[in-house]
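I opened the model to look up a few residues, the sheet and the cores. My notes are below.

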Amino acid sequence: MIKERQILACSGLLYPPEGFPPQYVGAQIWQAMQLTSVRRPRVCLIATAVGDSREYIDRWYARAGSFGDADLSHLQLFVQPNVADVRAHLLAQDVIFVSGGSVVNLLAVWRAHRLDAILRECWEAGVVLAGQSAGSLCWHLGGVTDSFGDSLDAVNDGLGFLPFSNGVHDDLGDQPRRSRFRQLIGEGALRPGYASEDGVALHYVGTRLHEALGVLPDRNAWFVEPDGGGKHRETAFPARCWLP
């Protein structure tokens with residue numbers, strides 16, 4: 001049976017509100033697992049964007065392991081791959097989950113290791129591709145990144161599996177991500193695309209947005225496009241709150 005191509009592109013939950021159950025902080029990992037419809041999914045973390053941080057990897061195993069039976073693994077590329085056959089390992093997964101961090105560094109390292117082609121093959125084979133922040137931006141044409149600095153720059157060399165730009169953490173106040181994403185789209189520096197608020201994920205089936213999923217109530221995704229006059233217009237997509 002041919003599986004649908006699915007991507008779960010998440011903002012992550014950087015700042016859980018007071019009273020938010022701590023066991024749900026990693027719930028977007030659970031959401032990705034549920035999309036597989038597999039009783040015991042095989043889930044592989046790729047943490048290239050944080051330089052294969054051992055601390056990050058250990059924390060991810062603890063979170064992912066709390067969401068039910070799964071065969072967990074990780075792919076590290078520093079200083080060399082930790083699996084003998086990267087392509088075979090990734091094609092054997094049900095979910096590939098990509099960490100946040102530097103999307104610019106992630107893309108450079110992946111292309112050096114030819115992961116761009118391998119990941120496209122995985123997607124076309126029905127492996128659910130997922131990730132947070134940099135792990136959301138990477139699947140799109142590009143987006144807004146702080147990889148170079150807090151001034152927030154456009155990046156336009158994403159993997160392009162999805163024909164849109166992407167904005168993450170759209171409602172956070174510590175960086176002007178919301179306004180910068182819309183400015184760049186209005187000016188034509190970024191293609192039209194989808195932004196997600198903190199804790200919101202974009203669930204794509206094929207290359208079409210199927211729905212927005214949240215881990216908090218009353219959050220939105222946004223489709224942003226140029227208005228033809230150097231500005232932008234936007235459409236809200238309320239997120240369906242989906243928790244274990």
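**Conventions.** I am reading a predicted model, where local features need pLDDT of at least 70, side-chain atom pairs count only at pLDDT 80 or more, and totals for chains, interfaces and linings use all residues. Residues are numbered from 1 along each chain as its sequence is written, and side-chain values use heavy atoms, with hydrogens and water left out.

**Sheet.** I started with the strands (DSSP runs of E, at least two residues, numbered from the N terminus). Strands count as paired if DSSP finds at least two bridges between them. I found an open sheet of eight strands with mixed pairing, in the order 3-2-4-5-1-10-11-14. Which strands stand at the edges? They are strand 3 (71-75) and strand 14. Each has a single partner strand, so one side of each is left without a neighbour in the sheet.

I then checked one pair inside the order. Strand 4 (residues 95-98) runs parallel to strand 5 (residues 128-132), with four bridges between them. Phe-97 has Ala-130 of strand 5 as its bridge partner.

**Strand 6.** I looked up both partners of this strand. With strand 7 (residues 153-155), strand 6 pairs in the antiparallel sense over three bridges. There, Val-144 is opposite Ala-154. With strand 8 (residues 165-167), strand 6 (residues 142-145) runs parallel, joined by two bridges. Here Gly-143 is opposite Asn-166.

**Cores.** For burial I used under 20% relative accessible area as buried, over 50% as exposed and partly exposed in between (1.4 Å probe, protein chains only). A nonpolar core is a set of buried Ala, Val, Leu, Ile, Met, Phe, Trp, Tyr and Cys residues joined through side-chain atoms within 4.5 Å. The largest one has 43 residues. Leu-90, Trp-110, Leu-115 and Trp-139 touch the most other members. A second, separate core has 29 residues, including Leu-13 and Tyr-56.

Beyond its neighbours within four places in sequence, the contacts of Trp-139 include Ile-7, Val-98, Trp-110, Ala-130 and Phe-161.

**Helix 1.** Helices are DSSP runs of H or I, at least four residues. Is helix 1 (residues 27-35) largely enclosed or left open? Eight of its nine residues are buried, so helix 1 is largely enclosed by the rest of the structure. Ala-27, Trp-30 and Leu-35 are among the buried ones. Just after the helix, Ser-37 has a positive phi of about 60°.

**Glu-234.** This residue is in strand 13 (residues 232-238). Glu-234 is partly exposed, at 30% relative accessible area. I looked for polar contacts (N or O atoms within 3.5 Å; within protein, one must be able to donate a hydrogen and the other to accept it, and residues adjacent in sequence count only if both atoms are side-chain atoms). Which side chains does Glu-234 reach in this way? One is Arg-178, at 3.0 Å. Another is Arg-182, at 2.5 Å. Outside four places in sequence, Glu-234 also touches Trp-222, Phe-223 and Val-224.

**Cys-241.** I ended in strand 14 (residues 240-241), where Cys-241 lies. Cys-241 counts as partly exposed, with 36% relative accessibility. Cys-241 and Val-215 are 26 residues apart in sequence, but their C-alpha atoms are 5.3 Å apart in space. Not counting residues up to four places away, Cys-241 touches Gly-214, Val-215, Leu-216 and Pro-217.

Conventions
Contact means heavy atoms within 4.5 Å.
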